[in-house]
Amino acid sequence: MSPARPIALCYRCEDRDAGDVYYRIVPSGLLAIHGLLRREGFDSRLFNFSGRSWADVRAALAGLKPMLVGVSHFTYNHAASVRLYQTVRRACPGAVVVGGGMQPTFLDELLLTRIPELDLAVRGEGEGPVLELARRLAAGSRDFAAVPGLSLRAGGGLVRTPDAEPWPDLDALHGPERWDALDGVRADEQPGFLVTSRGCPGRCTFCCTPAFWGRQLRRRSAAAVVDEMDMLRRRFGVTYFGIRDDSFTADRAHVLEFCRRLRERGLGVLWNCQSRVNLMDEELAVAMRQAGCDQIQFGVESASPRILERLDKAVRPEHIPRTLRACRTAGVRTSAYFITGVPGQTAADLELDQALFREHGLQDGIVSPLCYYPGTALFAEAAAAGAANPEIFLQGKPEALQVRRDAAAVRDYRELVAFIEMARPRNAFTETELRNHLGRTGECLSALLEWGRFAEGHGRRRQALMAYQDIVRRWPGSAWGYRAVADMLNGLGRKWDFRDWEAAATLAARGERVQPPPPPRVWDHGLGNNRR
Ligand code: B12
Ligand code: SF4
């Protein structure tokens with residue numbers, strides 16, 4: 001039998017978003033499918049077409065002659081995905097064109113009716129269905145009726161095969177194969193994002209995660225996640241990870257194990273994660289800080305009990321200050337997601353948000369207007385009441401998704417954004433707090449780095465340098481100490497030789513052995529005279 005033809009997996013963000021790393025990176029699930037196909041012996045190629053010309057897209061695909069082309073299709077890249085289907089169809093007439101992600105899952109019928117270039121929609125988790133499709137195509141079959149998780153046209157209508165079973169072993173999807181045969185995936189952006197679990201027991205009305213992934217949490221083992229971080233550090237020099245699980249701290253014992261393993265491995269990396277305010281306590285926050293966590297983003301949404309109830313957030317308002325205090329005591333910076341434009345939200349509700357930010361030391365905040373997304377209870381209820389229509393998901397216009405677009409909603413959004421901008425710097429850690437963090441965490445790497453940056457920011461360069469040198473001495477395998485010294489010397493604007501330090505940082509970032517350069521004697525030159 002001749003070898004199977006290649007498979008192309010594609011993503012493209014809207015051109016307006018190509019300047020934003022958060023939009024132009026490819027969905028982590030596309031990498032997971034790609035890695036699985038390669039491990040199973042298929043010649044899968046993954047293309048990130050974000051920001052590239054359409055001629056480039058056509059050229060890349062036409063030369064490949066793939067048997068299967070898969071597109072990651074979410075609401076925020078709808079227009080780009082539709083044009084990808086059309087371009088693929090013309091460039092690869094013989095390929096089966098498949099869409100996966102939130103739009104094909106929840107709008108399968110609409111998409112298959114409107115987009116003739118799209119052959120199949122995969123509903124939900126993509127690994128099982130795509131692997132089965134690839135096996136059938138490689139065997140010369142185009143009979144997909146027995147492939148689970150598919151929606152397809154048949155007999156003038158739509159046929160949905162039964163839902164696919166959840167993929168049994170998430171660790172198996174994170175092998176090194178996912179990083180081979182990539183085109184347009186930037187090594188300095190993509191590997192810093194990790195997702196270690198699927199599913200969420202929550203039921204927030206605005207979120208499609210429960211419908212898409214289910215309410216049962218499935219997660220990778222702590223050991224495998226730490227192994228992957230080590231691999232990504234060595235292969236790509238990643239020193240900072242964004243762990244983007246919906247609720248990373250949902251399983252406390254698991255997080256404690258993860259933190260212990262990360263410390264024992266001595267990777268010397270920093271990271272952030274996201275969680276819910278009812279899933280945090282001080283002991284956990286200290287353990288996370290000791291393992292390098294420097295920020296947690298909480299889905300607070302609102303400080304108003306009435307609004308929390310309306311969003312079905314299942315969080316008691318008293319959890320919020322308690323959790324923010326625990327993080328602040330441990331030295332973990334906190335950021336909160338807020339939602340404006342909720343029907344019935346009043347000025348008094350917005351004042352509660354501002355008071356929460358001011359009084360509980362939040363250090364950042366992201367405000368989003370309440371939006372409809374397919375697969376959410378919010379949209380289902382509005383559609384049933386005739387107040388919303390799935391057409392909004394096909395317009396490719398972010399503002400069409402907003403639940404409220406009246407003047408008051410616009411004003412509330414702008415005011416909260418402006419308030420956070422103004423209040424943020426006031427909530428920086430104080431010197432006393434930073435000293436306490438050093439004590440509470442046993443002078444861990446991230447607390448020392450924070451302390452050094454504070455000292456440097458206050459012109460106390462000798463103190464800063466002592467902290468950075470401490471990091472170099474105690475964590476010689478971490479890039480952070482070398483990099484902090486290099487940045488400091490570089491910033492001094494004189495003829496300090498920072499290049500040795502920069503070179504050391506680059507080596508350490510990739511897990512290679514480093515000979516620390518001789519300590520710079522900046523204080524001999526009157527650049528700092530404070531003692532710790
Ligand atoms: C991590 C994350 C991010 C990260 C990284 C995104 C990335 N590029 O990987 C950041 C912070 C950048 C981000 C930003 C945004 N995000 Co986001 N994000 C998530 C989150 C929490 C996890 C995504 C993830 O990696 N999941 C795990 C992997 C395995 O799943 P996956 O990538 O979706 O892929 C699986 C399936 O979708 C499917 N699939 C995907 N592609 C394909 C392709 C084919 C051919 C097939 C068959 C199947 C398939 O199979 C995959 C494997 O099982 C999800 C919520 C969630 N739990 O899914 C929201 C989510 C995807 N984000 C969402 C939104 C709205 C956004 C933003 C628009 C937010 C904003 N206002 O800025 C931006 C958009 C930018 C962008 N390009 O993602 C929504 C999307 C809703 C929708 N209908 O499109 C989600 C679902 C959150 C929610 N519950 O509402 N996000
Ligand atoms: S918003 Fe967060 S907590 Fe709520 S259902 Fe979605 S993922 Fe779960």
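Here are some questions and answers about this predicted model.

Residues are numbered from 1 along each chain as its sequence is written, while chains are lettered from A and ligands numbered from 1 in the order in which they are written. Since the model is predicted, local features need pLDDT of at least 70 and side-chain atom pairs count only at pLDDT 80 or more, but totals for chains, interfaces and linings use all residues.

Q: How many helices and strands does the protein chain have?
A: Helices here are DSSP runs of H or I with at least four residues, strands are runs of E with at least two, and both are numbered from the N terminus. Counted that way, the protein chain has 21 helices and 16 strands.

Q: What is the radius of gyration of the protein chain?
A: This value is taken over C-alpha atoms, and the globule rule to hold it against is 2.2 Å times the number of residues to the power 0.38. For 532 residues the rule gives 24 Å, and the chain comes close to that, so it is as compact as a globular protein of that length. The radius of gyration is 25 Å.

Q: What share of the residues of the protein chain count as buried?
A: A residue is buried if 20 or more other C-beta atoms (placed from the backbone) lie within 10 Å of its own, exposed if 12 or fewer, and partly exposed in between. Of the 532 residues, the buried share is 47%.

Q: Which element gives the most residues to the shell around ligand 1?
A: The shell has 37 residues, where a residue belongs if its C-beta atom, placed from the backbone, lies within 6 Å of the ligand. Elements that give two or more include helix 1 (21-24), strand 3 and helix 7 (127-138). The top giver, with 5 residues, is helix 2.

Q: Which domains each give at least three residues to the shell around ligand 1?
A: Domain bounds come from an automatic or database domain assignment. With those bounds, the domains are domain 1 (7-160) and domain 2 (187-427).

Q: Is K65 buried, exposed or partly exposed?
A: K65 sits in the loop between helix 3 (54-62) and strand 3 (68-72), and has a positive phi of about 50 degrees although it isn't a glycine. Most residues other than glycine have a negative phi. Because 14 other C-beta atoms lie within 10 Å, K65 is partly exposed.

Q: Where is E443 found?
A: E443 also isn't a glycine, yet has a positive phi of about 50 degrees. Its place is the loop between helix 17 (431-440) and helix 18 (445-457).
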